[in-house]
Structures are given as structure tokens and as C-alpha cells.
Amino acid sequence: MAAHRKPRQRSLSGTARTAATLALAGVATATGFDGTGHAEPQPTPGQVKAEVDRLYREAETATEKYDGAKEKAEAAQKRIAGFQDQAARRQQRLSSARDALGSIAAAQYRDGGVDPAWQLALSSAPDRYLDGAAFAERAGHRQAAVVSRVRDQLREIERLRGAARIELSSLRARQAELDRQKRTVTGKLDEARRLLARLTPRQRAEVTGGTGRRVSRSAAGPREPMRAGPSPATTARAAAAVAYAYGKLGSPYVWGATGPNAFDCSGLVQAAYRSAGVSLPRTTYAQIDAGRRVSRSELQPGDLVFFYSGISHVGIYVGDGQMIHAPNPSAPVRLAPVDQMPFAGATRVA
């Protein structure tokens, strides 16, 4: 009996397996052709754009914090170098003072340190001895002055070393902040790149193209900078900054960059005004307070225009409602309408 049942079970089992396989294949085929099932829905280009814009804004906020921490770290390094230089000079003075003390001590040892009264009594030339005693007294005063200088140098060297230790601690904190902000920026940008990679080339161009007019440097000509509107800058320095910005149209956005071939938003503004002889702070948060605040209706070419509630983006106003700015990694330095982003304020620095 058992021998007759086994083939039957195998046959039934094989049939069941075949049916199950066909059923699974049908489900897989249906899922593959009609797009139903449990697959994650593909985001629309509009959804991708909204998410990428958010990531870029967050990355730019982190970039400004990175730029600020970098500026403070560089300042701390300069102060440390200054303290080290001062300490080295003090050390040289200390060595000279110690040498002077050594010379005085050696002279006293050679004289034997005999009591002055006995030296006077035993002297064959009392008058000459008294002259020498007066000189020795003056030498004693000089010795006391040298000792005082040694003590001052030691105290100053210790003060400088303490200040350098404090700056070193500050520098390490700034460097840790740099690392944190760098990881934030790169994480946001990597996530944005992954989202954009899911789009077709045409969709990606639509998402990253923006609404601003993009003007290449070749279109502007090698000598005559393009004008966005009829209003010229009111000062020579503002005009020079605007001309510099026009000359950088088409340059790539690189976070943390200040030129001459790549920029982030505040880096472009800083470089433009540096070329005009005006020193500006590194970050948007500081740049907005670097000049006189002006209203939107008062804008003139060369004014700095700021965006978002966190003051995380900046451009240079060039007239006719347009600005030049470094938008984000997917867009080069370009012309764009001022009303493209939420306006936060404006500053006139020249």
C-alpha cells in the first residue's frame, strides 16, 4: 500500500508546486506590467523639486555655519601664532637677562664676597676703594633691576602660554564644529543628488532650471559687462562689485568657496566687494549687518539682498528687479529675479 501511495503524493505535490509557481509568476507579471503591488510609488518631478529645494536650503544654512566656524578657527590660529611669536621674543629677552645675572654672580665670586668694612681696612688705597664701593652699590641696583626683568619676563611668558592654551581649546572646538557642519552639508547634498538621479534628464533639467534667467559669461562679452536694467550703481565701489559679479556668471557653485573660479552665495558677495576694495564678513548672518539697512523699494545696484527667515542666502542686486547669486550645486552663478525667494532684507555696503 505504501508503495502505491508514494508516487501519488509526489505527483500531487509536483502539481501543487507547478500551480503555485504559475500563480506567483502571474502575480509578478501583473505587478510588472500594470505597476500595482507593494512597490514604492515614484515621486513626481514637483515633489522631487520641493524636496531638493528644502535640502539645498538646509545645506546652505549648514554651509553658512561652516563658513562662520572656519572664519573663527582661522582667527584662532592667527592668535595662537601671535602668542607663540611673542613668547619666543620674551624667551630671548629672558635669556639675555639670565646671562646678565650670570655675569654679575661670576664677578661676585671672583671678588670673594669679603665684607666691605674689611675691604676698606685692608685696602692700600682707601680713596680708590671708596670709589669702587660706590660703583659696586650701583652694580647692586642694576642686579636688582635685572632680577626684576627676569621675573617680569617669566610672568609674561606664562601669561602668553596660558592665552595660547585657551585659544588652542577654542580652535579644537571650532574644528569639531567644522566637522559637524561638513557632515551635515555633504549629507544633504548627497540626498539631493540621489533624488535627482531618479528623474529623467528632461525632468532633472526642469527641476534644477529654476525660474531665473541664466546668462553665460560668453554672452556678456569679454569686456562689456551685461546690464540687467537701466539703473547704474550709485558709487564706484558698488559698480565695481556688480561688474565683478557679472564677470562670474556661469561659475560653479561650490559650498565654502570664495573664488576666484567657484563660489557659494556669501563667498560670491565677499569676493565681489573685495575686488572693489571693501572688506565684508564671510557669512550671510554677519553680512546683513555690515552696512546700512535699506527697504526693498530703495534697492540700488550693488545692494546686498537676503532671503529666508534664517538669513541663509544672499545675492547682489543689479537693477530692474534682478540679482546675481550663486544658487546651489545644481545651478551656476546666474541672474535671477529678487522675488524668486522669500525676501528677508537688504543692506547697502558701498
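Modeller: If we leave aside the neighbours within four places in sequence, Arg 204 is in contact with Leu 196, Ala 197 and Leu 199. Please keep in mind that this is a predicted model. Arg 204 is found in helix H5, which covers residues 201-209. Is this residue buried, exposed or partly exposed? Its relative accessibility is 29%, and because buried means under 20% and exposed means over 50%, with partly exposed in between, Arg 204 counts as partly exposed. Although Arg 204 and Val 48 are 156 residues apart in sequence, their C-alpha atoms are 9.2 Å apart in space.

Ser 275 lies in helix H8 and counts as partly exposed because its relative accessibility is 42%. Not counting residues up to four places away in sequence, Ser 275 touches Ala 240 and Tyr 244. Ser 275 is also 6.7 Å from Ala 241, C-alpha to C-alpha, while 34 residues separate the two in sequence.

Helix H7 runs over residues 236-247, and its 12 residues reach 16 Å from the first C-alpha to the last, which is close to the 16 Å expected at 1.5 Å a residue. The buried residues of H7 are Ala 238, Ala 241, Val 242, Tyr 244, Ala 245 and Tyr 246. Helix H8, residues 265-275, is mostly covered, since nine of its 11 residues are buried; among them are Cys 265, Leu 268, Val 269 and Tyr 273. After H8 comes Gly 277, which has a positive phi, near 85°.

H7 lies across S3, S4 and S5 and runs at about 105° to S3, whereas H8 lies across S2, S3 and S4 and runs at about 45° to S3.

These strands belong to an open sheet of six strands, which has antiparallel pairing and the order S1-S6-S2-S3-S4-S5. At its edges are strand S1 (292-294) and strand S5 (334-337), each of which pairs on one side only. Neighbouring strands of this sheet are turned by 40° against each other on average, direction ignored. Within the sheet, S3 and strand S4 (residues 322-325) run antiparallel and are joined by three bridges, and Tyr 317 stands opposite Met 323 in S4.

Which residues touch the most other members of the largest nonpolar core? Of the 51 residues in that core, they are Tyr 273, Leu 304 and Ile 324. The elements that give two or more residues to this core are helix H2 (45-111), helix H4 (126-197), H7, H8, strand S2 (304-307) and strand S3 (313-319), and H2 gives the most, with 11 residues.

Terms used: Residues numbered from 1 in each chain as written. Predicted model: local features only at pLDDT ≥ 70, side-chain atom pairs only at ≥ 80, totals over all residues. Heavy atoms only, no water. Helix = DSSP H or I, 4+ residues; strand = E, 2+ residues; numbered from the N terminus. Expected span 1.5 Å × (residues − 1). Buried < 20%, exposed > 50% of the residue type's maximum accessible area, 1.4 Å probe, protein only. Contact = heavy atoms within 4.5 Å. Core = buried A, V, L, I, M, F, W, Y, C linked by side-chain atoms within 4.5 Å. Pairing = 2+ DSSP bridges. Axes fitted to C-alpha atoms, helices over the stretch in contact; angles between N-to-C directions.
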